Amino acid sequence: MAIYINLDVMMAKRKIGVAELADKIGITPANLSILKNNKAKAIRLSTLNEICDVLDCQPGDIIEFEKEK
C-alpha cells in the first residue's frame, strides 16, 4: 500500500502513549496499534478527526503517500 500512517512521530512529539490516545479518541488500544503499525486497511474520518483534535495536528502530519515502485 502506498499510504502510510506516521502516528508514532506525532505521538512522540506530543508525549502521549497508545493507551492514553486510544482512551481520548474512543477506540481500543489494539485498534490504535493496528493503525499505528500500518496494518489497517481503512480509517474512519471520525477517528482521523479525533486523532487530529487530540494531537493538535493536521491529517497531512500523520498520513503520507509514497508512490509504489
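Q: Which helix holds Thr47?
A: Thr47 lies in helix H4, which spans residues 45–55. Helices here are DSSP runs of H or I with at least four residues, strands are runs of E with at least two, and both are numbered from the N terminus. The model is predicted, so local features need pLDDT of at least 70 and side-chain atom pairs count only at pLDDT 80 or more, while totals for chains, interfaces and linings use all residues. Residues are numbered from 1 along each chain as its sequence is written, and side-chain values use heavy atoms, with hydrogens and water left out.

Q: Why is Thr47 called buried?
A: The relative accessible area of Thr47 is 15%. Buried means under 20%, exposed means over 50%, and partly exposed is in between (1.4 Å probe, protein chains only). Thr47 therefore counts as buried.

Q: What does Thr47 touch, not counting residues up to four places away in sequence?
A: Thr47 touches Ile25 and Ile27. Contact means heavy atoms within 4.5 Å.

Q: What makes H2 and H4 oblique to each other?
A: The axes of helix H2 (residues 18–25) and helix H4 come within 9 Å and cross at roughly 120°. These axes are lines fitted to C-alpha atoms over the stretch in contact, and angles run from 0 to 180 degrees between N-to-C directions. Angles under 35 degrees are roughly parallel, over 145 roughly antiparallel, 65 to 115 roughly perpendicular, and the rest oblique. The angle of roughly 120° falls in the rest, so H2 and H4 are oblique.

Q: Which residues make the contact of H2 and H4?
A: From H2 come Leu21, Lys24 and Ile25, and from H4 come Thr47, Glu50, Ile51, Val54 and Leu55.

Q: How do you know how H2 is placed relative to H3?
A: The axes of H2 and H3 come within 9 Å and cross at roughly 110°. That angle makes H2 roughly perpendicular to H3. On the H2 side, the contact uses Val18, Ala19, Leu21, Ala22 and Ile25. H3 supplies Pro29, Leu32, Ser33 and Lys36.

Q: Why are the buried residues of H2 said to line one face of the helix?
A: Leu21, Ala22 and Ile25 are the buried residues in H2. Down the axis of H2 they fall within an arc of 100°, so they line one face. The arc is that of the directions from the helix axis to the C-beta atoms. The face turned away from this buried side carries the exposed residues Ala19 and Asp23.

Q: What do the buried residues of H2 pack against?
A: They pack against helix H1 (7–14), helix H3 (29–36) and H4. After H2 comes Gly26, with a positive phi near 85°.

Q: How do you know where the buried residues of H1 fall, seen down its axis?
A: In H1, the buried residues are Leu7, Met10 and Met11. Seen down the axis of H1, these residues fall within an arc of 100°, so they line one face. Ala12 and Lys13 are exposed on the other side of H1. The cover over the buried residues includes strand S1 (3–5), H2, H3, H4 and helix H5 (59–62).

Q: What makes the phi of Lys15 worth a remark?
A: The phi of Lys15 is near 55°, a positive value, and Lys15 is not a glycine. Most residues other than glycine have a negative phi. With a relative accessible area of 74%, Lys15 is exposed.

Q: What phi does Asn38 have?
A: Asn38, also a residue other than glycine, has a positive phi of about 55°. Asn38 lies in the loop between H3 and H4.

Q: Why is Asn38 called partly exposed?
A: The relative accessible area of Asn38 is 35%. That value is between 20% and 50%, so Asn38 is partly exposed.

Q: How many residues apart in sequence are Ile63 and Asn38, and what is the C-alpha to C-alpha distance?
A: Ile63 and Asn38 are 25 residues apart in sequence and 10 Å apart in space, C-alpha to C-alpha. Leaving aside neighbours within four places in sequence, Ile63 is in contact with Ile3, Tyr4, Ile5 and Leu48.
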